[in-house]
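Have the viewer open as you read.

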Amino acid sequence: MGKVLIEEQIVQEGMTPKEVIARAHEAGVAIVDLRFVDLLGTWQHFSIPVSELSEKLFLEGAGFDGSSIRGFQHIHESDMILIPDPSTAVVDPLLKVPTMSITCSVYDPVTGQPYSRDPRYVAQKAENYLRETGIATVSYWGPEAEFYIFNSIRFDQDSHYGFYFIDSEEGIWNSGNDGGVPNLGYRPRFKEGYFPVPPTDKLQDLRSEIVQNLIAAGIDVEVHHHEVGTAGQAEIDMAFKSLTRMADQLMMYKYVVKNTCYQKGYVATFMPKPIFGDNGSGMHVHQSLWKEDQNLFFSPEGYAGLSDLARWYIGGILLHSPSILAFAAPTTNSYRRLVPGFEAPVYLMYSKRNRSACVRIPMYSNNPKAKRIEYRAPDPSCNPYLAFAAMLMAGLDGIKNKIEPPAPMDQDLYELPEEAITKLPSAPSSLAESLSALENDHDYLLQGDVFTKDLIETWLSIKKKEVSEINRRPHPYEFFMYHDA
């Protein structure tokens, strides 16, 4: 996808540069924040005074040092360009100085082409590839990114010690605390946070403030609630959007959640499994394919109302899940979550209504437009541009090759007898296993030049180093088990 095509698509989807500039001045904006995502999924930014916001900026961009960004350039080729996407412009609801945030794409200033390791470009290429196949014109995405809200989180690691310590006023472990003030109780027990009213839910107003800030940032919110975990686990759901737009919104979502909590004296974390013995934070991803105004996933004759195309899409997702998870569950901590008994999918099966399956078919509505699949293995530590693109490419591979998934299983997979469980395909049990799967299974990602071998090799190199760093350090629980060996 060349620069011209991207710019035409952007103008069609949102405000023009001229409209963005007018909006900035109408809102009394003083600073413009140019934001982009690094390879691993962290939002980066630098700011310019509003006087520098011009139509020329949207064409020629602003330069930055790509060698200082994880997974980008070497120092001898460090010059890179950010091209702002006017459709993403929004007045930041959280900063004291009036600031407009604009999400940018990364370009090579020498070739004038989009940068192959820019995750946002990968997402755009995936959407373009979908249209080129003729299978569908658009894919829609609805991630449910869960998170915890703590009062305090401390951690440190040195040559002679290592620890973490989490505290939450909501944590059930504080039921016996005597800190010199009355203990007023009302805390959700482990796995009972879904979802009693206040005062057990002590974070209702905080979540409502987050919602208000999300709406102010241009995000359509459907619902918010306490999640299953004690100690402030939460979920706020956004209305579905197309792939790149939803990835843009998920970056803003995490920014708003973290900053609203921080300003109120809390710390929010999207770490997949911060608390032992309670539910982890997943990111169940609802997805569907459409051709114009027709939902291609619906058929009244199919199992759970699914079309053949949807079933093959699921087949691709399940077949390629071990390698998808290298992007969609990309941390060593992700695999602390993917264990039986905590509503995290371990077995690569699909089913209607069944939350123990890797792919669930929601059955809340009979409306054909509501038919979708819910992929439950990803978590919110991922880079959404890469994770969504990988899922889409796997699903398209399933459709192109008519990959049949295993027969649906409408029962609690965690309660199956041992001899039956051992026959089920399962998700990787570690990041190292997922990375190995990606090494051996990535041809489907290379279709249409959506992912490149260079990006995959860079990802593998960075993630293998993370695994090595964890493996080289003693774990606190090892002292409990082995110090007296």
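## Starting at P384

Is P384 buried or exposed? P384 is buried, at a relative accessible area of 1% (buried is under 20%, exposed over 50%, partly exposed in between, using a 1.4 Å probe and protein chains only). Before going on: this is a predicted model, where local features need pLDDT of at least 70 and side-chain atom pairs count only at pLDDT 80 or more, while totals for chains, interfaces and linings use all residues. Residues are numbered from 1 along each chain as its sequence is written, and side-chain values use heavy atoms, with hydrogens and water left out.

P384 sits in helix α9, residues 384-400 (helices are DSSP runs of H or I, at least four residues, and strands are E runs of at least two, numbered from the N terminus). Skip its neighbours within four places in sequence, and P384 is in contact with A247, L250, M251 and A389 (contact means heavy atoms within 4.5 Å).

## How α6 meets α9

Helix α6, residues 243-263, packs against α9 at an angle of about 150°, with the axes 9 Å apart. Axes here are lines fitted to C-alpha atoms, for helices over the stretch in contact, and angles run from 0 to 180 degrees between N-to-C directions.

Which residues of α6 and α9 meet? From α6 come L243, T244, M246, A247, D248, L250 and M251, and from α9 come P384, Y385, F388, A389 and L392. The residues of this contact split into 10 nonpolar, one polar and one charged (Ala, Val, Leu, Ile, Met, Phe, Trp, Tyr, Cys and Pro count as nonpolar, Asp, Glu, Lys and Arg as charged, and the others, Gly among them, as polar).

## Rings

Searching the whole structure turns up 17 aromatic pairs. Rings of Phe, Tyr and Trp (its six-membered ring) pair if their centres lie within 6.5 Å; planes under 30 degrees apart are stacked, over 60 edge-to-face, and the rest tilted.

F147 and Y253 make an edge-to-face pair, 6.4 Å centre to centre with 80° between the planes. This pair links distant parts of the chain: F147 is in strand β7 (residues 138-150) and Y253 in helix α6, 106 residues apart. F147 is buried at 0% relative accessible area, and Y253 is buried at 0% too. Elsewhere, F36, F64, F72 and Y115 form one aromatic cluster.

## Cysteines

C382 is buried, with a relative accessible area of 2%, and C104 counts as buried at 1% relative accessibility.
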